[in-house]
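User: I would like to go through this model with you. Could we start with how it is organised?
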Amino acid sequence: MKCKAFLALLPLLAATTLAFAEGTKLPTPPFGKEPVVLNAYFETGFDIPFKLAEEFTKQYPNVTWDIKQDQFTNLINSTPRLLAGDNPPDLIRLPTMVSFSKQGLLKNLDGYANSLGWASWPVPQLSQNRVAADGTRGSGALYAMGLNYSMTGVFYNKKLAAQIGMKQPPKTLAEFEDLLAKAKAAKLLPIMEWGSAKSGMGLAFPLQALMASVGPTQPINDWIFQKKGATIDTPSNLNAAQHLEQWIKKGYFPTDINAIEYTDAADRFTKGEGLFTFNGDWQNPAYDAAMPGNVGFFAMPPEKASGSPAAMSAPLTYGIAAKAKNADAAAFFLTWVASNPVARQINVDVGGSNPGGPADAATPKVKAGSVTNETLAAGVVVGKAGTAMDFIANSTSAIFAQGWTPELQKMVGGKQNAAGLLKAVQAEYLRELAQ
Amino acid sequence: MTSMTINTGARAAAAASRRTSHKRRVRREGFVGWLFVLPAFLMYATFELLPLLMSIQYSFLRWDGIGPMTWVGLKNYATVLEVPSLFGTIINAFKLVVFFSFVPVALGLIVASVMRRVAAGRLGSLSRTVLFLPQIIPLVAAGIIWGWLLAMPGLFNQVLRLVGLGGAARAWLGDFDWALPAVGIIGIWVLLGFCTVLLETGMSKIDPSLYESARIDGSGWLREFFSITVPLLRQEIGVCLTVTVIAALSAFDIVYVTTAGGPGYATAVPGIQIYILAFTEQRIGTASALAVLLMALVIIVILPIQRLSREDRV
């Protein structure tokens with residue numbers, strides 16, 4: 001029945017999509033002049049959704065916001081109850097989506113993807129947010145949209161880089177490891193990273209970067225998307241984990257890494273502790289402010305010069321509760337974020353990330369000297385190479401807390417080796433999937 | 001004879017009626033007593049007994065907290081055993097007993113008796129207040145501050161460097177050997193005041209003449225402490241041990257805000273695993289099974305302590 005109704009609507013949808021893809025204005029808002037209050041849950045510590053909400057109200061004064069916020073780790077735990085509760089959010093930052101979509105707590109956004117033109121946007125934008133009937137990600141129905149598309153890689157302190165004679169970003173893994181050794185020899189901390197269990201172990205960033213440097217990205221995504229028979233314990237991942245183990249043994253990370261919080265690592269890097277740090281472009285505005293002109297970025301180089309750089313690059317996912325009162329308005333907001341020039345500019349200035357959206361949408365201007373220029377440029381290279389990955393900490397809901405974090409912390413403490421790390425994480429993955 | 005019989009009968013009847021009215025009065029008083037208890041009982045039943053029974057019920061179900069529940073019998077109790085490092089978390093909880101329980105009670109006894117001896121009056125009440133303060137500071141805030149103090153650039157390491165012990169400086173909460181003792185020391189800080197105040201109150205009830213006669217017999221402070229103070233405080237010590245042992249075995253808040261169980265599983269305790277199972281993994285059944293097992297463990301440990309302090313009353 002639903003399917004038939006949908007088919008009948010298709011010509012109309014196609015017309016809307018076409019009109020929108022041709023670069024005309026936004027679709028008509030689904031609300032008139034009557035007051036609308038959007039019920040939203042955002043992540044504490046990141047300004048971007050708040051600034052976008054503020055601008056949206058400026059442009060559509062009858063739409064106001066009731067915004068609640070919480071830490072990411074708390075959101076992971078409270079999202080199911082918020083979605084299932086009496087006052088389900090119209091818009092919510094989603095930490096994961098597979099279990100919530102299976103439980104029927106999230107709105108299927110395919111209808112909006114067609115009516116609002118998302119379906120015609122460049123392909124990778126939606127695929128990470130699709131969940132198939134068997135619970136695997138990457139294809140199936142759409143359950144979330146990205147507010148923007150983040151890029152991760154290696155940031156570096158330009159002054160310290162000059163000290164060891166680094167003139168340009170490394171082109172291969174061997175060149176990168178050579179720079180690490182030079183930094184260590186020059187009594188500089190080669191890599192600043194966080195590692196406390198409260199923040200979630202940051203060594204998952206360099207580990208995944210190494211995995212993509214020495215091996216293919218597809219099996220990593222398959223594992224994250226819970227494809228049947230997928231395993232993280234592969235020969236090339238073992239090679240990557242062995243590189244990381246060597247980096248730890250050679251003292252490339254701070255000795256107190258197991259107690260360093262995310263914010264402290266970011267802060268210590270801006271104060272000149274660490275030549276490199278693995279992080280994401282959401283940190284750009286803070287780096288630009290604290291060390292203007294002194295921070296650079298490159299995507300993790302491949303093992304061989306003939307390979308392509310790869311990166312963990314994920315959408316900043318937002319979903320709509322299945323029972324949301326203002327689902328249409330929320331979906332319109334998501335379209336506006338990716339299409340409105342002011343919103344796109346806010347996304348780049350405040351979020352530091354690629355706003356995605358229609359292929360023909362103008363790229364917002366970035367201040368000269370901002371590291372955002374470098375992260376956006378790296379994003380284009382990775383996009384063309386098709387080597388973007390989701391985060392290995394997102395494969396199951398507790399894989400970060402019960403797998404990567406404790407096992408990588410053990411590796412730092414000399415109580416786990418590369419092979420044992422992958423075996424333990426794979427065992428935890430299977431334990432969680434078996435439930 | 002007859003009148004005697006009548007007399008006796010009347011007396012018996014009067015006595016019987018007295019007994020009945022006494023019984024009635026007792027019953028009425030009992031009823032009124034229950035009325036007084038009712039509000040507290042309702043609160044206790046709603047917020048303690050009901051959740052307890054519900055946890056037991058959940059432990060036999062497979063449930064994600066939202067969708068339908070399925071009866072799985074004892075399966076959750078079997079899967080609990082697969083939880084990473086479960087045995088290690090229980091060992092950690094027992095190690096915490098030393099820090100949360102034995103040290104605060106032993107130190108509390110010494111501090112309370114010293115305070116009674118040398119710091120009566122204003123100084124005494126000032127030290128009591130200072131020692132008790134951690135009880136009224138929100139643990140989350142305290143945990144964050146302890147995190148700063150014990151971090152690599154924190155005050156604790158600064159002091160070590162200042163006195164020439166820089167080589168011993170480390171990230172106390174991130175070190176496999178030191179994280180658990182560091183969490184334990186925070187526990188001592190929190191619980192010492194509670195034990196001291198409770199034990200000092202107990203000491204004030206001990207008849208001073210006992211100490212006087214002991215002194216006349218020529219006993220010193222140490223002898224008084226072990227022969228009078230400690231034996232007469234066994235009930236209070238029992239209460240202190242009960243409360244602090246429960247705090248150690250079911251520890252969650254201090255651990256969660258300082259280390260979240262890390263590094264590795266060095267400070268992981270059953271409470272943290274219950275939290276992750278219930279809220280991160282959405283496995284309410286397995287989490288409840290672990291909670292029920294933890295409760296059983298606490299009862300097994302607490303019962304002998306209770307018995308010891310009760311025997312003391314005889």
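Analyst: A word on terms: domain bounds here come from an automatic or database domain assignment. The model itself is predicted.

User: Into which domains is chain A divided?
Analyst: Chain A is divided into domain 1, covering 2-149 + 315-374, and domain 2, covering 152-313 + 377-433.

User: What separates their centres?
Analyst: Taken over C-alpha atoms, the centres of domain 1 and domain 2 of chain A are separated by 29 Å.

User: And how many residues does each domain of chain A bring to the contact?
Analyst: Domain 1 of chain A contributes 22 residues and domain 2 of chain A contributes 23 residues.

User: Which helices supply the domain 1 side?
Analyst: Helix H15 (341-351) and helix H16 (371-385) of chain A each supply at least two residues of the side that touches domain 2. H16(A) gives the most, with four residues.

User: What about residue classes on that side?
Analyst: The side of domain 1 of chain A that touches domain 2 of chain A has six nonpolar, 14 polar and two charged residues.

User: Changing topic to the chains: how many residues of A and B are in contact?
Analyst: The contact involves 27 residues of chain A and 25 residues of chain B.

User: Which elements of chain A give two or more residues there?
Analyst: They are helix H3 (72-84), helix H17 (399-412) and helix H18 (418-433) of chain A. H17(A) provides the largest share of the side of chain A that touches chain B, with six residues.

User: And the classes on that side of chain A?
Analyst: The side of chain A that touches chain B divides into nine nonpolar, eleven polar and seven charged residues.

Conventions: Residues are numbered from 1 along each chain as its sequence is written. Chains are lettered from A and ligands numbered from 1 in the order in which they are written. This is a predicted model: local features need pLDDT of at least 70, side-chain atom pairs count only at pLDDT 80 or more; totals for chains, interfaces and linings use all residues. Two residues are in contact if their C-beta atoms, placed from the backbone, lie within 7 Å. Ala, Val, Leu, Ile, Met, Phe, Trp, Tyr, Cys and Pro count as nonpolar, Asp, Glu, Lys and Arg as charged, and the others, Gly among them, as polar.
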